[in-house]
Amino acid sequence: TKIIEVIFGIPNYRYKVWLFRLFIAYVITYVTVLAMAYLTNWIVVEVQPIEIAAQALVPAFFIGMCAFMFSTILRNGNGTAVVLIIVGILLFFLDMILGVSYWNVLMNPYDIPLEQNPIIFYDTLFYNRIAVITAGVVLLIVGLNSMRKREKFI
């Protein structure tokens with residue numbers, strides 16, 4: 001009973017609980033990707049594991065926040081899965097159309113185009129990562145806002 005009193009006594013507890021859950025999910029994702037990057041560094045080819053894990057986490061953050069937003073709006077896990085499959089297919093096709101752009105969520109930071117100056121590419125990559133992370137934060141805020149309508153305090 002004390003735990004329930006503590007949970008319901010904290011203002012906006014549901015936001016803190018969901019933010020903590022998302023944080024733990026991304027920590028586990030980062031550690032897993034980091035372990036695979038170190039394994040790749042040891043077995044296949046020499047890479048920079050920390051940089052690769054950080055670069056891989058940016059699109060994962062965006063897609064995860066997109067999933068969180070759709071799950072709070074749709075209130076259905078199967079519906080969210082279908083919508084995310086459609087979003088993933090659209091992002092895949094947009095990757096081919098947009099190429100090296102600020103708006104390409106799936107931009108590969110290790111595929112430097114030969115016809116483009118590397119300095120311009122890294123500048124574009126920097127602004128791309130800022131745009132994707134900002135969009136992910138906006139999706140998180142929309143998801144938390146729609147969660148207010150989903151979970152009423154009784």
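1. A quick definition to start: two rings of Phe, Tyr or Trp (the six-membered ring, for Trp) pair if their centres lie within 6.5 Å. With that in hand, a search of the whole structure turns up six aromatic pairs. Tyr102, Phe126 and Tyr127 are joined into a cluster by ring pairs. Keep in mind that this is a predicted model.

2. There is also a charge over a ring. Arg21 has its charged end over the ring of Trp18, at 4.8 Å from the ring centre.

3. On the overall fold: the chain has five helices and zero strands. Going along the sequence, the pattern reads α-α-α-α-α. Of the contacts between residues at least 6 apart in sequence, 59% join residues at least 24 apart.

4. Burial and surface next. The chain has 154 residues, and 29% of them count as buried. Its accessible surface is about 10,500 Å², with 73% of that belonging to carbon and sulfur atoms.

5. Now the inside. The largest nonpolar core holds 20 residues, and the ones with the most contacts inside it are Phe62, Met65, Phe68, Leu139, Leu140 and Leu144. Two or more residues each come from helix H2 (13–43), helix H3 (49–74), helix H4 (77–98) and helix H5 (118–150). H3 gives the largest share of this core, with nine residues.

6. Which residues does Phe62 touch, once its neighbours within four places in sequence are left aside? The list is Leu91, Val105, Val132, Ala135, Gly136 and Leu139. Leu139 shows up here as a contact of Phe62, and Leu139 is also named among the core residues with the most contacts.

7. Last, Val138, which has its place in helix H5. Is Val138 buried, exposed or partly exposed? Its relative accessibility is 47%. Buried would need a value under 20% and exposed one over 50%, so Val138 counts as partly exposed at 47%. Met65, for its part, is one of the residues with the most contacts inside the largest nonpolar core.

Conventions
Residues numbered from 1 in each chain as written. Predicted model: local features only at pLDDT ≥ 70, side-chain atom pairs only at ≥ 80, totals over all residues. Heavy atoms only, no water. Phe/Tyr/Trp six-rings, centres within 6.5 Å; stacked < 30°, edge-to-face > 60°. Lys NZ or Arg CZ within 6 Å of the ring centre and 35° of its normal. Helix = DSSP H or I, 4+ residues; strand = E, 2+ residues; numbered from the N terminus. Buried < 20%, exposed > 50% of the residue type's maximum accessible area, 1.4 Å probe, protein only. Contact = heavy atoms within 4.5 Å. Areas by Shrake-Rupley, 256 points an atom, 1.4 Å probe, with all protein chains shown as cover. Core = buried A, V, L, I, M, F, W, Y, C linked by side-chain atoms within 4.5 Å.
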